[in-house]
Amino acid sequence: MHVFRLRGNFETLDIYSAALFELGARGLEEKPGEVWAYFPERLELPFPGEWLELPDTDWLEAYKRDLKPVRAGPFVVLAPWHTWEGPEKRIVIEPGMAFGTGHHETTRMALETLAERVEPGMRVLDLGTGSGILAIGAALLGAEALGIDIDPAVIPQARENARRNQVKVQFQVGSLDEAYDPLAETAPQAPPAQPAPTPLVQGPFDLVVANLYAELHTYFAQKYRELFGICGTLILTGILAEREALVRSALEASGFGLLARRQEGEWVCLTYAA
Ligand code: SAM
C-alpha cells in the first residue's frame with residue numbers, strides 16, 4: 001500500500017480531499033498532525049507531502065483489528081469478518097465508501113430509537129440511507145423498509161448489505177426535493193449545471209428516519225409532513241447540539257410535537273410525532 005502523507009488535519013486539508021479521491025485515493029485517515037491518503041500506486045501529486053510504503057497486509061490487518069463491533073440498543077453492528085456470540089440482533093455491514101458502519105454517534109442513536117418505535121408491518125422510510133444500515137435495522141424489526149439516497153454510488157452497497165443480512169429492503173436513488181443543498185447557498189456558486197432531476201419519494205409512511213444535517217432538516221420541515229398519513233413518527237439525527245434550536249423551531253412551526261431527545265457527545269437525535 002502506498003501512503004501519501006500530508007501535514008495538517010481533515011479540516012485544514014478539506015480543500016484537497018475531493019482532488020485526492022479523483023486522483024485515485026482509496027481512503028483518507030487522520031493521524032496526529034497529518035493525514036494519510038492511501039493509493040494503490042505511486043503517482044505525481046500536485047500537493048506538498050511525502051510518500052511512505054506500507055506492506056498491504058499490515059494496513060489491512062491494522063484496519064480490521066481497529067474496527068470493533070458496535071452495540072446499539074438490541075443491535076450489534078458487525079463487519080463481515082467479526083464473530084459475535086451475544087444475543088443481539090446482528091447487522092453485518094461491509095465498511096466502504098458509504099456512510100453508516102454504526103461507528104458514528106448519529107447512526108447508533110437512530111438505531112436505538114428505531115428499536116423503541118418500529119413495530120412489525122410498519123412502512124418505514126430511511127432518508128439518506130448510505131450503507132442502508134437504518135433501513136436494514138428497521139427490516140430486522142419487521143418493518144417494510146425503503147431506503148433512499150441522493151447519491152447513486154451508495155445504492156449498490158446498500159443492496160449488497162441487505163442481501164448479507166437476508167432482509168428484503170427496497171433501495172432507490174431519491175430525495176424529497178430536487179438535488180438542493182442548503183449549505184451551497186453560502187458557498188461560492190459554481191456555474192449552473194443541468195443535473196438530472198432527483199426522483200422524489202411518495203408517502204404515506206408510518207415512520208421516517210433521516211440522518212442528514214440540521215440545515216437540511218430545517219429546509220425539509222414542511223416536506224416531512226407530506227410523508228405521513230393521519231399520524232406517524234419522525235426520527236431526525238445528524239444534528240450538532242449547537243444547531244438543535246434551528247431544527248426544533250422549524251419542526252414545531254410545521255406542526256410536529258417533540259416526543260423524545262437523545263444526545264451522544266455533540267450529536268442530537270430528535271423524535272417527533274407527526
Ligand atoms: N443512514 C446512514 C446512517 O445513519 O449511518 C447514512 C447517513 S449519512 C450521514 C447521510 C446520507 O444522506 C449520505 O449517504 C448522503 O448521500 C445522503 N443525502 C445527503 N443529502 C441528501 C438529500 N437531500 N436527499 C437524500 N439523501 C441525501
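Which residues line the second largest pocket? Select Leu176, Asp177, Leu200, Val201, Gln202, Gly203, Lys223, Glu226 and Leu227. A pocket here is an open set of points on a 1 Å grid over the protein atoms alone, where a 1.4 Å probe fits, with protein on both sides within 12 Å along at least five of seven lines; lining residues have an atom within 4 Å of a point. The space in this second largest pocket is about 180 Å³. Volume means the space filled by probe spheres set on the points, which are joined across faces, edges and corners. Colour the lining by class: four residues are nonpolar, two polar and three charged. In this scheme Ala, Val, Leu, Ile, Met, Phe, Trp, Tyr, Cys and Pro are nonpolar, Asp, Glu, Lys and Arg are charged, and the others, Gly among them, are polar.

Before going on, two notes on the model. It is predicted, with residues numbered from 1 along each chain as its sequence is written. Local features need pLDDT of at least 70 and side-chain atom pairs count only at pLDDT 80 or more, while totals for chains, interfaces and linings use all residues; side-chain values use heavy atoms, with hydrogens and water left out.

**The cavity**

Next, select Leu67, Lys68, Val77, Leu78, Ala79, His82, Ile93, Pro95, Thr101 and His103, the lining of the largest cavity. In a cavity the probe fits but cannot get out. A search of the whole structure finds one cavity of 30 Å³ or more. The largest holds about 50 Å³ of space. Its lining has six nonpolar residues, three polar and one charged.

**The largest core**

Now select Leu111, Leu114, Ile136, Val169, Phe171 and Leu207. These have the most contacts inside the largest nonpolar core, which has 35 residues. Such a core is a set of buried Ala, Val, Leu, Ile, Met, Phe, Trp, Tyr and Cys residues joined through side-chain atoms within 4.5 Å. Buried means under 20% relative accessible area, exposed over 50%, and partly exposed in between (1.4 Å probe, protein chains only). Elements giving two or more residues to this core include α3 (105–117), α4 (133–140) and β10 (169–173). The largest share, six residues, comes from α4.

Helices (H or I, at least four residues) and strands (E, at least two) are DSSP runs numbered from the N terminus. Stay on α4. Seven of its eight residues are buried.

Select Phe171 next. Leaving aside neighbours within four places in sequence, phenylalanine 171 is in contact (heavy atoms within 4.5 Å) with residues including Ile136, Ile155 and Arg159.

**Strand β12**

Move to threonine 237, in strand β12 (residues 228–240). Is threonine 237 buried or exposed? Threonine 237 is buried, at a relative accessible area of 0%. Among its contacts beyond four places in sequence are Met109, Tyr213, His217 and Cys269.

**Across the chain**

Zoom out and colour domain 1 (2–65) and domain 2 (98–179 + 197–273). These bounds come from an automatic or database domain assignment. The C-alpha centres of the two domains lie 32 Å apart.

Pick leucine 54, in the loop between β4 (50–53) and α2 (56–66). Leucine 54 is partly exposed, at 23% relative accessible area. From its C-alpha to that of leucine 114 is 41 Å.

Last stop: alanine 19, in helix α1 (residues 14–22). Alanine 19 is partly exposed, at 26%. Draw a C-alpha to C-alpha line from alanine 19 to leucine 176: the two are 29 Å apart in space.
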